[in-house]
Amino acid sequence: MSRREGSLEDPQADSSISPLPHLESKIQQTHSLARLLTKYAEQLLQEYVQHQGDPFGLPGFSPPRLPVADLSAPAPGHAGLPVPERLRLDEAALAALPPLLDVVRRRQAELNPRALRLLRRLEDAARQARALGAAVEAVLAALGAETRGPQAEPAAAAIAAATATAGVFPAKVLGLRVCGLYREWVSRTEADLGQLAPGGPA
Amino acid sequence: MALFAIFQTTFLLALLSLRTYESEVLSEPLPLTPESLKVSVSSTRQCLHLQWTVHSLAYHQELKMVFQIQISRFKTSNVIWVENYRTTVKRNRVLHWSWGSELPLECAAHFIRMRSMVDDARIPKPGFWSNWSSWEEADAQNSLGHDPLFVFPKDKLVEEGSNVTICYVSRIHQDNISCYLEGVQIYGEQLDRSVSAFELKNVSFIRKRGTNVFCKVDQGGALGGIVLFVSRTKSIREKVQVMTWTTGKMSCFALAMLEWLQAGRGRRGAAGWMALERQPRWWPEDPEVLEEPKDFSCETQDLKTLTCTWDPGSDTGLSKQPSQSYTLFESFSGKKTLCKRRNWCNWQVAQDSQEMYNFTLVAENYLRKRSVSILFNLTQRVHPMTPYNLFPKNVGATNATMTWKVHSIGNNSTLLCQLELLAEGKVIQQHNLSIKVNGEYLLSELEPDTEYVARVRCAYTNHFWKWSELISQKFNTAEAAPSEAPDVWRNMKMVSGHPTVSLFWKPLSKVHANGKILFYKVIVENLDKPSRLEVLSIPAPASSTELTLDQCSYQIHVTAHNSVGPSPASVTVVSGDPGNEEVESGRVNGTEDGFSVSWKPQSGDATGYVVEWCDGPQDLPCVLQWKNLGPNTTSTVISSGAFRPGVRYNFRIYEISAKRMAHLLEKKAGYLEELAPSDNPQVVMSNLTSHSFTLSWKDYSTESQPGFIQGYHVYLKPKAGEQCPPAFEKTVLPEDSVCCKHTTDNPEQKTFVVENLQPESVYEFFVTPYTSVGEGPLDAFTKITTPDEYC
């Protein structure tokens, strides 16, 4: 009779490492990142309005929520979509945001050159949006879902050119809109990943 | 017929007059209509610009004319401006005229037309107006985009206190558009169905980043806005400096300013005036208003280039306004230059020997211009360049030659140079001399082996304006042979039966050493056997040596040597005979200055005296000290930082004879401060009888006590009830016990017989010394019992 030493194992089990713990870890990490960036996005928005003067930041001031370079806020029906589809939309938005944040940062550097913390937050936001977008893309790939694939060049250059000639006030409004979109999309991403994270709804 | 003749004559006369008139003045047909009228719009300046010509003039003719210009808004019938513009006109010369609009041009279509009239003195009045030109339209609205709501003017820069008209153009014909300034609603006038205007009077400065003005369609519709940049007209400094108040009449602004300044940024002067010492650096929303440049000054280093400098004050740049620019004008030459730097500018001196310069520095930004002027003679503004190549040459022990060069100024100019010599940071010599290119000066009366710093600066001899910068050079003078003989002393003793002399010397001071002392040479010459000579070389920093002699006499030479040579010699004569130690002894008193030691001269041919002592207590190895004194002294004060209270210092006074031999003259001993004895003698009791016993403490050393022992106290406690023996008197001890005490007054009397005692009785005794300060510590008594009388 042979004796098996060590821990008891199911001899029928596959000896390769299960991919599930790895995917779960990735989802967990991305979710944590999204949660952190949601907090940062809120801080960015607060910092932004402080430097633009009244009425920016006042409760009754709400410019029209128009798309910026074809980027809109998450649609009302977003939460009803399948999770992979939601994540695809999140990823697309996160990829579109960095150039817009750069445009806002460059304009703010002219308007508020001494607002170093604001400028730094805008720079960080662009970088963090890229990082979160890449992480979401990795999650989608791990799930076996299609990613968005190569995209057309963003319209940020056109936005930048238009902003330069449009005047200071429209530039302030654009910046407010972009910071708002950034906050909405990282918050949306956090919620969507929460659906996949362990402990979340299946 | 006659009537016709009259008419004909009249006509001919009139024609003749007219032709005569025309031949005298002008031959051009009148009136002259403006033509080719073109209108352009400048949005940044909010101006309409007109240009036109008058073709009908003769080719060579110049004529003074007046053009009446009408401007209408919204429709041609709504004339808002009429102006007569007078100018001189030439054929086909393009004429220009501009008009600034209060209302932003984007908010309304404007129409312009004009007519002309000759207004020349050479033509008799009255003239008559030409026909009106056609209305030309200036429509700035064509370039607007597709947004539903626009606000103008875009990003305008104004001075505080000025009036500004804001307007909006709505493509949506709605009545529910409201506008806000810094979040507060403002109300205006509707000019037509899609345009409203708001006049802002006396606008205030709010922040450097500008003031937001926006309009929105109520119920969450379109939004449009601008940012208004308001620049201060007076700086904080200017406002505060002119601010006064009387009780109860301080304005809100002044109150706020006062609170801010009282927080520590300002200082209140007398009589209610407040003055700001420095610009507020921490106030985040306070751009400086362009002020007149301060401290404007020009100078030249070489009579070829002038450098003008000034204090520009703060940067007045706003988000919409670049920093101020500076331009330099010179009125005599009529030239100008735009300065690349904000606080200095170079100007090439004219080659045509222009000496007088009248400079005007103009500081200019978008809103205002400030200037300051100076007038000066070029040759009175010479600030020479720093001299160079300052070197010492031919440096000796007591002198050095300094050389240097200067940059030439003009042709054959002379400079006044000032040479200073410093030692230990202080100027010890100063010399002025005139030079053209090369400077040279011999510095003398220097100390050997000493570090000095030489420094030079120069000024323009023709007219002093400023000294050049200083150039410095450190150097050291060379060593010289020591200038003084070392201070040498000797101590004689017998070692194993041989006379041994210890020689001591003190290091030479820097002033006398003239360099680093490398070694000491000791030459011992046997006076009784002159051929015997011993030479010792003792490396520095040793300060003593020991020589074993015999009974002969010796002459000892001691010299100190540096790299240059020896010092003068110190000569001492010693003999193997230790000499008479039995000399007069005395005491000296210590004071806070030291010991005042005096002596009586013995022989009349003393060449000097030496007082010798040990610096420390006697129980430690002697650190020999001595003091040399001249032949005519009979006293001195010996001071030392090593003197301590309670230590006996023994002074030995020597007389130095003409033969350079030292003879002990006197001994003195003293205390800087006497103290009470610190311990008591060991007392031995002997010769006990029924009526007496003997106490002795012969081993007690009186010389090693912290004061001069004057005697002893013998304490005796007799049997209870018994009286004190004769020679004792009753006393009370510190612990309040009664006792008997006997005092001796001879420190060398170290025995005492206690007698007149009772047999078979217990007695206790205790002996303690005393000085001028007090007695020794109270110790335990020793008990004895006298024996029976019949034992």
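A salt bridge is a side-chain nitrogen of Lys or Arg within 4 Å of a carboxyl oxygen of Asp or Glu. The model used in these exercises is predicted.

**Exercise 1.** Find how many salt bridges and how many polar contacts join chain B and chain A.

*Solution.* Start with the salt bridges. Across the interface of chain B and chain A, the rule finds 0. Next, take the polar contacts. Between chain B and chain A, 5 residue pairs are in polar contact, both residues at pLDDT 80 or more.

Now ask which strands take part. In chain B, strand S15 (211-217) and strand S16 (223-231) each give at least two residues to the side that touches chain A. S16(B) gives the largest share of that side, 6 residues. Sorted by class, the side of chain B that touches chain A holds 8 nonpolar, 6 polar and 6 charged residues.

**Exercise 2.** Describe the extent of the contact between chain B and chain A.

*Solution.* Count residues. Chain B brings 20 and chain A brings 22. Then take the area. The two chains bury about 1,400 Å² between them. Carbon and sulfur atoms carry 55% of it. B:Arg209, B:Asn212 and B:Leu223 supply 36% of the area that chain B buries against chain A, more than any other three residues.

**Exercise 3.** Check the span of helix H2 of chain A, then look for a bend.

*Solution.* Helix H2 covers residues 83-111 of chain A, 29 residues. At 1.5 Å a residue, H2 should span 42 Å. Its end C-alpha atoms lie 41 Å apart, which agrees. Now the bend. H2(A) bends by about 30 degrees at A:Leu97. A proline, A:Pro98, follows within four residues.

Methods. Residues are numbered from 1 along each chain as its sequence is written. Chains are lettered from A and ligands numbered from 1 in the order in which they are written. This is a predicted model: local features need pLDDT of at least 70, side-chain atom pairs count only at pLDDT 80 or more; totals for chains, interfaces and linings use all residues. Side-chain values use heavy atoms; hydrogens and water are left out. The expected span of a helix is 1.5 Å times one less than its number of residues. The bend at a residue is the angle between axes fitted to the seven residues ending there and the seven starting there. Contact means heavy atoms within 4.5 Å. Buried area is the accessible area (1.4 Å probe) that two parts lose on being put together, summed over both. A polar contact is a pair of N or O atoms within 3.5 Å; within protein, one must be able to donate a hydrogen and the other to accept it, and residues adjacent in sequence count only if both atoms are side-chain atoms. Ala, Val, Leu, Ile, Met, Phe, Trp, Tyr, Cys and Pro count as nonpolar, Asp, Glu, Lys and Arg as charged, and the others, Gly among them, as polar.
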